[in-house]
Amino acid sequence: MKRDTAFRGAIIVFLSFAMAIVPAVAETGTSFLATVPALRAPDLVEKASVYDGVEVKVEGEIIGEVMARGDHSWINILDNGTALGVWLEKNLLPEIAYIGSYEAIGDKVRVTGAMHRACPEHGGDLDIHADTIELIGRGSAISHTLDLRRLGAAAALCVSGAFLAVLWRKRESRKKIS
C-alpha cells in the first residue's frame, strides 16, 4: 500500500514539473530541438541507422562548391574530418563569404533537418534535408608563405636529376658504340 502511494506521489510531482516547463518553453517560442546541442558529423555517420529519418542538428564549415539544382542547392559541411551533404531550398541559404578550400576557411553554419541514411530521392546517399540553416561564424582567407628552403631543395633535386640523366645518356651511347 505504501509503495502504491509513493508511486502516485512521484507521478504527481513529475506531472506538476512537466506542466510548469511546457508552457515556459511554449512562451519563448523555442522548439525542443533548439535547446539540444548539435550532434557531431562523425557520430551521425557512425550511427546512421539510429538517426535515419530523425530531425538532427549539426554544425560545420561549408566546403567545396554550392551546387544549384533548380530551386534547391547542395552544400557540403565539414565537421571533425567528416563531410556531410546538405540539400536545402535556395532561399534558406545564407549569404556565404568564404567556402572552405586551400585558400580559405569556410563560413560555419548550423543545419537543422531530417537525416537520411540512404536517401531514395538522391541515389541512396547519406544526406540531410535542411529545414533551417543558420550562419554562426564567418570564415577567413588563408595566406600560404613560400618556404625558401623547400624551393632551394626542389631546385637542387632538379639540377642533380638533370645532371644524372645526362651522365646516363652518355654512358648508354658509349655502350652502343662498343
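Mentor: Rings of Phe, Tyr and Trp (for Trp, its six-membered ring) are taken as a pair if their centres lie within 6.5 Å, and planes under 30 degrees apart count as stacked, those over 60 as edge-to-face and the rest as tilted. Keep in mind as we read that this is a predicted model.

Trainee: How many aromatic pairs does the structure hold?

Mentor: It holds 1 aromatic pair. The partners are tryptophan 74 and tryptophan 87, whose rings are 5.1 Å apart from centre to centre, with 55 degrees between the planes, and the pair is therefore classed as tilted.

Trainee: Which parts does this pair tie together?

Mentor: Tryptophan 74 belongs to strand β2 (residues 72-79) and tryptophan 87 to strand β3 (residues 82-89), so the contact ties together parts that are 13 residues apart in sequence. Both tryptophan 74 and tryptophan 87 are buried.

Trainee: In what order do the strands of the closed barrel run?

Mentor: The barrel has 5 strands, its order is β1-β2-β3-β6-β5, and the pairing is mixed. From one strand to the next, the twist averages 50 degrees.

Trainee: In what sense do β1 and β2 pair, and over how many bridges?

Mentor: β1 and β2 pair in the antiparallel sense, over 6 bridges, and one of the bridges can be located by its residues, since isoleucine 62 has isoleucine 77 in β2 as its partner. The two strands form a hairpin with 2 residues between them, and glycine 70 in the turn has a positive phi of about 70 degrees.

Trainee: Which residue has a positive phi although it is not a glycine?

Mentor: That residue is asparagine 80, with a positive phi of about 55 degrees. Asparagine 80 sits in the loop between β2 and β3, and with a relative accessible area of 55% it is exposed.

Trainee: In what sense do strand β1 and strand β5 pair?

Mentor: Strand β1 (residues 55-69) and strand β5 (residues 108-116) pair in the antiparallel sense, over 7 bridges.

Trainee: Is valine 56 buried or exposed?

Mentor: As a general idea, the side chains of a regular strand alternate between the two faces of the sheet. In the present case, valine 56 lies in strand β1 and is buried, its relative accessible area being 1%. Valine 56 is also 8.9 Å from leucine 44, C-alpha to C-alpha, and these two residues are 12 residues apart in sequence.

Trainee: What does the count of salt bridges come to?

Mentor: A salt bridge here requires a side-chain nitrogen of Lys or Arg within 4 Å of a carboxyl oxygen of Asp or Glu, and by this rule the count comes to 8 salt bridges. In one of them, glutamate 59 is joined to lysine 108, with the closest N and O atoms 4.0 Å apart.

Trainee: Is glutamate 59 buried or exposed?

Mentor: Glutamate 59 is buried, with a relative accessible area of 19%, and the cut-off matters for this reading because buried means under 20%. Lysine 108 is partly exposed, at 39% relative accessibility.

Trainee: Which residues form a nonpolar patch on the surface?

Mentor: The patch is formed by Leu146, Leu148 and Leu151, which together have about 350 Å² of accessible area. Leucine 148 lies in helix α5 (residues 148-177) and is exposed, its relative accessible area being 62%.

Trainee: With which residue does arginine 149 form a salt bridge?

Mentor: Its partner is aspartate 147, and the closest N and O atoms are 3.8 Å apart. Arginine 149 counts as exposed at 69% relative accessibility, whereas aspartate 147, at 29%, counts as partly exposed.

Definitions and conventions
Residues numbered from 1 in each chain as written. Predicted model: local features only at pLDDT ≥ 70, side-chain atom pairs only at ≥ 80, totals over all residues. Heavy atoms only, no water. Helix = DSSP H or I, 4+ residues; strand = E, 2+ residues; numbered from the N terminus. Axes fitted to C-alpha atoms, helices over the stretch in contact; angles between N-to-C directions. Patch = residues over 30% accessible without salt bridge, like charges linked within 9 Å, V, L, I, M, F, W, Y side chains within 5 Å. Areas by Shrake-Rupley, 256 points an atom, 1.4 Å probe, with all protein chains shown as cover. Buried < 20%, exposed > 50% of the residue type's maximum accessible area, 1.4 Å probe, protein only.
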